[in-house]
Amino acid sequence: MSGINCRTAIAVMLVLILSPLAALAEGYPVRGRVINRLTRQSVPYAAVVIDGREEKGAAADSLGVFTISGVEPGICRLSVSSLGYISAVTPEYMVSAATPFIEIEIDEDPSQLDAVTVRPMPFRRTTESPVSMQVIGLRDIEKSPGSNRDVSRIVRSYPGVAFSPVGYRNDLIVRGGGPSENVFFMDGIEIPNINHFATQGASGGPVSIVNSDLVREINFYTGAFPADRAGALSSVLDFALRDGNAEKQTFKATLGASDAGISGSGHIGKKTTYLFSLRQSYLQLLFKLLGLPFLPNYIDGQVKFRIRLTERDELNFLGLTGIDNMKLNTSIKGESAEYMLSYLPQLKQETFTLGAIYRHFSSRGVQSVSLSYSYLNNRNIKYRNNDASSAENLILRLRAVDGKAALRADNRTYLGRWTLREGVEFTYRHYVNNTFQRRYQVQSERIDYRSSLGFVGWGLFFAADYKSDNGRFTSSLGVRADGSSYSDRMSRFWRQTSPRASVSYALSDSWSIGANAGMYYQLPPLTALGFKEEGAFVNKSLDYMRVVSTAAGVNWRLRDRLIVSLEGFYKYYTDIPLSVADGIPLTCKGNDYGTVGDELLVSSADGRAYGVELMVRWLLPDRVNIVGSATLYNSEYRSDRHSKYIASAWDNRFVVNVSGTYDFPHAWSVGLKVSAIGGAPYTPYDVEKSSLKEAWDATGRPCYDYSLYNTRRLKAFAQLDLRVDKVFYFRRWMLGLYVDLQNITFSKLRQQDALMSTGVVENPTAPESEQRYVMKYIAQSSGTLVPTLGVTVEF
């Protein structure tokens, strides 16, 4: 019997080894169709090749359908050309047994007798955004070292993006701006929050809600924001989802560092395709392994349907949801854990976004109408010493619900060298809050209020893009105006008029220059607008936050394989809400769990951020993908125009990231990422105030000395991440394995020592308002090796 088992085991091993080799020898077919982007009609006899391997290709038939046989598995792009059309390079696709039917859209250029070539997709810039824009493809999404396929972490390799060295949050800090200054879109639908356990009124959290398995590519803007993307002060993250497979049903199971999931792609009949994803976390196990005092658990899901009503009309449905529950790990021992447990609340959240977009393609343009609704239900509760046995121990009980409904219509018209865009949108926002909270300013106080708020908003935009006959000169002019019924000041939409302009010029085939200037507005968070004191909304005098942003840069390209860019930027902020209690701008908050903005504010603060960015990007198909960036910058603010500038919370001064992946034969790949960031400024504690028994009992954490705000600075931090991938390609399925080792250098971030109460009153006979705890300092450092083993099965 043992001999039979041995022979069986050997046979199984031979199948596992030889089956992938046979599949690799044969390759996989890649099928698709070439269509006119506007008329949606087939483009017959177009030439389609594998980008970088031009010897591998095929010609489309009379219906525009092509089949390229025997394509080597892996990530690739397709290049298509046809007489009378502008040649195009597709986004990246995974070639395997589950390769979808690929629809390639190209633009007609009847003035040309030959095929016209444009710059390939990896280095794409738009007329409206010739600077401050990056296109992130499938290779970066799938194999970026240290990111664990989290879309919020993948963008950290690009210029202007700082990161949290603490490691368990993915707050997006762009060009010296805070986490609340970013907006997110998915296939044209705004997603107010893309993270689990989000900070209400800002963003960020330990892990993204968005499943990268469904993402085709990401357009990442750090400036030069499109006129149809409202509400950004620092960045726009615009996700383009994949389309469902129009020919077969495919599925993918994933086991990663923080969750296990299943996703699928397929079709329902001939006119409807779908995508879906469902994930369940075991992040609480990872956090327990790391010795963290909080244990998050989540479930999330995504869905997309694309329905082709006619040849020129389509309807898309999108859905995204997350359910979060963060408990406290009170069993963990140690002073550091004791400190965090003293103030961290238990947290529950439910969030979702639903949206639908109708598009009509005409011979000269595209018209679209979208309707969406987003919802967040946030609940926090905290007891003193985590003892819920008595109501007197209650420190915080919060339930806040906010929602946004949006109706939007826009039109894009192509008139030869000109492209015109115009649109209008209407929104309705609602906010309900029921809060009890103990606070301490000059004395212990209780805040207990209920708030209900609803108001409408509106916006309109127009933009015109121009491209010269030879394509070397481009320019764009746009304007946007927004308003709301929250207050009389905000209803005057002409006060929120935001003009913008861009220009670029190709000095040669390799060198180009570009510049942009614009004024952008953002509505303060609903947590601030809905805050009440003594039954009245006290922040009615707030204005829209504003930033004037400029950027200019120069690019050097070596064909479609290498780009070096140097870019400078300057941002000037005005009308930023300032906390009356502590004199800190709202934009300097939001990098911790809980809420931001629920306090008395005035729109008096202003600020500035300026710097220079260098990026090098090298791409060799099937071999090398390297992205390196270095950013030197300052980020400062002042409480009003008569005060001096001081460092903002995001003033790290420099960020360096170098990420690279090398593909070896037999479907092996190795990636490395080096990250370094300057020390963040910090504020020392107010020992006298913190030691007061009333102050500590009210908040469970020390008070800062805001008269010394950000006058001290942490040391710089650097870490090295390593990732190794191996993929087995079978005839009908694929098995992927990866090991992702974050911080293999075991780097430690030394933070300000935490000040904490011992629980012992040093003067028990004094009046209660004068009693003080004996305090102690707890060393604070973070950083450890975080290993991840991931498994994917696609069939």
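**Exercise 1.** Is Lys571 buried or exposed, and which side chain of opposite charge is nearest to Lys571?

*Solution.* The structure is a predicted model.
- Step 1. Locate the residue: Lys571 belongs to strand E34, which covers residues 562–579.
- Step 2. Lys571 is buried.
- Step 3. The nearest side chain of opposite charge is that of Glu181, 4.3 Å away.
- Step 4. A salt bridge requires a side-chain nitrogen of Lys or Arg within 4 Å of a carboxyl oxygen of Asp or Glu. Lys571 has no salt bridge.

**Exercise 2.** Identify the polar partners and the surroundings of the Lys571 side chain.

*Solution.*
- Step 1. With the side chain of Tyr573, the Lys571 side chain makes a polar contact of 2.9 Å.
- Step 2. The backbone oxygen of Arg175 is reached by the side chain of Lys571 at 3.3 Å.
- Step 3. Leaving aside residues up to four places away in sequence, Lys571 touches several others, including Val174, Gly177, Leu233, Val548 and Arg608. Glu181 is also one of the residues in contact with Lys571.

**Exercise 3.** Describe how strand E25 pairs with E24 and with E26.

*Solution.*
- Step 1. Strand E24 (residues 365–383) and strand E25 (residues 394–415) run antiparallel and are joined by 19 bridges. Within this pairing, Tyr375 has Gly403 in E25 as its bridge partner.
- Step 2. E25 is also joined to strand E26 (residues 418–440), by 20 bridges, and these strands run antiparallel. Here Val401 stands opposite Val432 in E26.
- Step 3. The hairpin of E25 and E26 has two residues between the strands, and in this hairpin Gly416 adopts a positive phi near 65°.

Methods
Residues are numbered from 1 along each chain as its sequence is written. This is a predicted model: local features need pLDDT of at least 70, side-chain atom pairs count only at pLDDT 80 or more; totals for chains, interfaces and linings use all residues. Side-chain values use heavy atoms; hydrogens and water are left out. Helices (H or I, at least four residues) and strands (E, at least two) are DSSP runs, numbered from the N terminus. Buried means under 20% relative accessible area, exposed over 50%, partly exposed in between (1.4 Å probe, protein chains only). Lys and Arg count as positive and Asp and Glu as negative; His and the chain ends are not counted. A polar contact is a pair of N or O atoms within 3.5 Å; within protein, one must be able to donate a hydrogen and the other to accept it, and residues adjacent in sequence count only if both atoms are side-chain atoms. Contact means heavy atoms within 4.5 Å. Two strands pair if DSSP finds at least two bridges between them.
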